[in-house]
Structures are given as structure tokens and as C-alpha cells.
Amino acid sequence: MTESDRTGEFGAISLPALRRIRNLWVELEPPVTDTGYDDPIDPTELSIELADGFDDADTARFDIQWSELDNYSFHYVDSDGVNWRFDRHPNTHSPEAHFHPPPDSSESGEDRLDSLGSPPPKTPTAAAEPSCIRVEEVSLVTRAVIVMWRAAYESGDCDRLNSSSNPP
């Protein structure tokens with residue numbers, strides 16, 4: 001999520017929330033291979049690396065932000081260029097809690113990889129739609145994202161990402 005995606009205040013990043021999110025991913029998801037912050041002194045984003053992604057993707061990553069105002073972004077990208085995100089923040093283009101589904105799959109994933117074969121950190125997603133996630137507490141939102149990712153991953157169907165009724 002970029003500054004241009006937001007209107008109003010997103011809020012300062014909450015390091016305790018990022019730690020809680022990290023611990024839940026490590027506890028609940030065996031494919032987690034690594035975690036880290038973009039800056040060890042003043043982090044603004046948590047990255048969760050996964051050993052697998054959708055379909056033929058060899059790796060995947062979640063880039064996560066959580067603010068002291070309980071705004072958030074859970075942005076998924078994988079080695080095939082698939083990306084989507086769950087967001088909650090003030091904006092003018094969608095409800096405060098919204099979901100950006102994967103872009104049209106007719107676009108080649110290889111065209112979106114960097115020179116090392118990794119997805120760029122922020123690739124475009126499709127227009128936002130209302131999010132199925134209605135909970136607001138950090139642990140519950142994290143569990144909801146994990147549940148939705150897991151259901152889509154196991155079924156191989158990205159349409160399941162925003163299809164549940166108020167997960168987790």
C-alpha cells in the first residue's frame with residue numbers, strides 16, 4: 001500500500017502489533033521460512049516469507065503494516081507475480097476495510113518479476129471491494145487473513161480469498 005492509496009491519517013506503525021502478527025504466523029503456518037522488518041531501528045513493515053505460493057509459485061511473501069490507529073495492510077506477492085491485499089485505512093475509493101483482489105490473470109507473471117526472479121515489493125492489484133473481514137483486533141484480523149489465505153491456497157482458488165462471512 002502506498003501513501004497515494006490513503007486519505008487521512010494511517011497512524012504510526014505499532015511495533016507490538018507487528019510482533020504479535022509475526023508470532024501468530026510462525027505459530028500457525030508451517031510454510032513460514034523467515035520473518036523480518038524493513039528497518040531494525042524504526043520498522044514500518046513486517047515481511048513474512050513463505051516456502052510456497054499459489055499454483056506454480058515457489059515462494060510467497062506477506063508485507064504487513066499495522067498502525068496505532070488499528071489501520072492495516074496485509075499485502076501478498078508470490079514468485080509468479082500473483083498479488084492481493086486486505087487493507088483498512090481511510091480512503092476515498094472504497095470502504096475503510098477493503099480487499100484488493102489479484103489482477104487479471106491474463107497478464108504474464110514473468111513480466112512482473114525483478115532481475116533476481118522475485119516479485120517486486122509493491123505490484124498493482126485490482127480495484128478495491130468491500131472486505132469480508134469485519135473484526136478489528138490485531139490477532140483476530142491476522143487469523144482471518146491466515147484463514148482466507150489458507151482456504152484459497154489449499155483449493156488453488158484465489159476467488160476464495162474474500163469469500164467468507166466475517167472470518168476467522
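This is a predicted model: local features need pLDDT of at least 70, side-chain atom pairs count only at pLDDT 80 or more; totals for chains, interfaces and linings use all residues.
Residues are numbered from 1 along each chain as its sequence is written, and side-chain values use heavy atoms, with hydrogens and water left out.

I begin with the overall fold. The protein chain has two helices and seven strands; these are DSSP runs numbered from the N terminus, with helices being H or I of at least four residues and strands being E of at least two. From the N terminus on, the order is α-β-β-β-β-β-β-β-α. Buried residues account for 46% of the 168 residues in the chain. Here, buried means under 20% relative accessible area, exposed means over 50%, and partly exposed lies in between, with a 1.4 Å probe and protein chains only.

I turn next to the interior. In soluble globular proteins, nonpolar side chains tend to be buried together. A nonpolar core is a set of buried Ala, Val, Leu, Ile, Met, Phe, Trp, Tyr and Cys residues joined through side-chain atoms within 4.5 Å. The largest such core in this model has 31 residues, and Trp-25, Phe-62 and Phe-74 touch the most other members. Two or more residues come from each of α1 (15–28), β2 (46–50), β3 (60–66), β4 (72–78), β5 (83–88) and α2 (138–155). Helix α2 gives the most, with eight residues. What does Trp-25 touch, not counting residues up to four places away in sequence? Its partners include Phe-62 and Phe-74, and also Thr-142, Val-145, Ile-146 and Trp-149.

A polar pair also deserves attention. Ser-73 sits in strand β4 and counts as buried because its relative accessibility is 2%. Its side chain joins that of Asp-87 through a polar contact of 2.9 Å. A polar contact is a pair of N or O atoms within 3.5 Å; within protein, one must be able to donate a hydrogen and the other to accept it, and residues adjacent in sequence count only if both atoms are side-chain atoms.

I come now to the charged pairs. The whole structure holds seven salt bridges, each being a side-chain nitrogen of Lys or Arg within 4 Å of a carboxyl oxygen of Asp or Glu. Glu-137 and Arg-20 form one of them, with their closest N and O atoms 3.0 Å apart. Glu-137 lies in the loop between β7 (129–130) and α2, and Arg-20 in helix α1, so this pair ties together parts that are 117 residues apart in sequence. Glu-137 is partly exposed at 37% relative accessible area, and Arg-20 is partly exposed at 36%.

A further salt bridge joins Arg-88 and Glu-96 at 3.1 Å, N to O. Arg-88 is buried at 13%, whereas Glu-96 is partly exposed at 38%.

Within helix α2, Glu-154 and Arg-150 lie four residues apart, about one turn of the helix, and their side chains meet in a salt bridge of 3.3 Å, N to O. Salt bridges with shared partners join Glu-29, Arg-150 and Glu-154 into one network.

Note on methods:
Contact means heavy atoms within 4.5 Å.
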